[in-house]
Amino acid sequence: MRFWRILGLLAVAWAFAATCVQLRAQVADEMSIELVDPKVLRVCADPRNLPFSNEAGEGFENKLAEFFAQKLGKTLAYSFYPGATGFVRNTLNAHRCDVVMGMPQGDDIVQGTNPYYRTAYALVSKKGSGLEAVETLEDPRLKDKRIGIVAGTPPATNLAINSLLLNVKSYPLVVDTRHDAPTSDMIADLEQGRIDVAILWGPIAGYFAKKSEAGLKVTPLVKETTGPRLIYRIGMGVRHADQDWKRRLNRLIAESQGEIDRILDSYGVPLLDENNTPASH
């Protein structure tokens, strides 16, 4: 009798376990997407924000999305919205798309994946200007130079600490990228001598320097001793409830790091390793 009783208890236990597995699968299906269509990688993106993305698919986040979609066996679709106030609310959180490319680690407006690159704000100078060797905003060679900066970005604090604000030409931070392009305006000012150096987010600096015929030098600002952090890890953003989707993207990043780096490098993104030295490819 004891034997049959044990078998009966085991049968109940196995049935319970099977039910739990089934429930977990159902929950996973519900959480994982909230994917409206599991056959489609739906990406939230800015329609006019090179080098990151545009409607023509020319940015490096477009190329990464194409690569990820292929790896996942999905087709690719976009929900475009200007990258200003309300971007996440009107795209990801409205379930119009399922992933935001290029989110800094620690931004809790979304749930972040593991990072897929590390970079920093950078100083851009013209070759032959005598400023190519400047590596920090404390350098005295900047004291009488005209400096371009996007207002409200972290390096602006460093300029204030080093008493350089009187030499600053400020460019707006929050714009409708369909109509304004302050970062390309800054690079044009540098090329034409209206400013002496430009301070930009590394991927933007690297992209425009790579395209420029003026001979521009990009120096990541990794040696600052004061002010806010200027180095960031960048991953993707998903909804806070989408745990399974996040884990799937994390596996994808781990499996694809070499190809990710090659795409980023082709756009001039200054990649840094954990020791703040340029990553080798």
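Me: What percentage of the 281 residues in the chain is buried?
Reply: Buried residues make up 44% of the 281 residues. Buried means under 20% relative accessible area, exposed means over 50%, and partly exposed lies in between, with a 1.4 Å probe and protein chains only. This is a predicted model, in which local features need pLDDT of at least 70 and side-chain atom pairs count only at pLDDT 80 or more, while totals for chains, interfaces and linings use all residues. Residues are numbered from 1 along each chain as its sequence is written, and side-chain values use heavy atoms, with hydrogens and water left out.

Me: How many helices and strands are there?
Reply: The chain has seven helices and twelve strands. Helices (H or I, at least four residues) and strands (E, at least two) are DSSP runs, numbered from the N terminus.

Me: Take β1. Are its faces covered or open?
Reply: Both faces of β1 are covered. Val40, Arg42 and Cys44 are buried on one side, and Leu41, Val43 and Ala45 are buried on the other. The strand spans residues 40-45, and six of its six residues are buried.

Me: Which strands does β1 pair with?
Reply: Strand β1 is joined to β4 (residues 75-80) by six bridges, and the two run parallel. Two bridges join β1 to β5 (residues 99-104), also in parallel. Two strands pair if DSSP finds at least two bridges between them.

Me: Which residues sit across from Val43 and Cys44?
Reply: The bridge partner of Val43 in β4 is Tyr78. Cys44 stands opposite Val100 in β5.

Me: Now helix α6. How many of its ten residues are buried?
Reply: Eight of the ten residues in α6 (residues 202-211) are buried, and the helix is mostly covered. Among them are Ile204, Tyr207 and Phe208.

Me: What covers them?
Reply: The cover over the buried residues of α6 includes the helices α2 (60-72) and α5 (182-191), together with the strands β7 (117-126), β10 (197-201) and β11 (216-220). Contact here means heavy atoms within 4.5 Å.

Me: And α7, where does it bend?
Reply: Helix α7 bends by about 75 degrees at Ser256. The bend at a residue is the angle between axes fitted to the seven residues ending there and the seven starting there. Ser256 is itself one of the buried residues of α7, which also include Trp245, Leu249 and Ile260. The elements covering the buried residues of α7 include β1, α2 and β12 (231-238).

Me: What comes after α7?
Reply: Gly268 follows α7, and the phi of Gly268 is positive, near 80 degrees.

Me: Switching to charges: how many salt bridges does a search of the whole structure find?
Reply: The search finds twelve. A salt bridge is a side-chain nitrogen of Lys or Arg within 4 Å of a carboxyl oxygen of Asp or Glu.

Me: Which residue in α7 forms one with Arg247?
Reply: Arg247 forms a salt bridge with Asp244, with the closest N and O atoms 2.4 Å apart. Because Arg247 and Asp244 are three residues apart in helix α7 (residues 243-266), they are separated by about one helical turn. There is also a network, in which salt bridges that share partners join Arg42, Asp98, Arg239 and Asp242.

Me: Which parts of the chain does the Asp196 pair link?
Reply: Asp196 forms a salt bridge with Arg146, and the closest N and O atoms are 3.1 Å apart. The pair links distant parts of the chain, 50 residues apart: Asp196 is in the loop between α5 and β10, and Arg146 is in the loop between β7 and β8 (147-150).

Me: What about Asp189, is it buried or exposed?
Reply: Asp189 counts as buried because its relative accessibility is 6%. The side chain of Asp189 meets that of Arg194 in a salt bridge (2.6 Å, N to O). Arg194 has 41% relative accessibility, so Arg194 counts as partly exposed.

Me: Where is Asn162, and what does it touch?
Reply: Asn162 lies in the loop between α4 (154-161) and β9 (168-171). Leaving aside its neighbours within four places in sequence, Asn162 is in contact with Leu137, Glu138 and Lys143. Asn162 is buried, with a relative accessible area of 12%.
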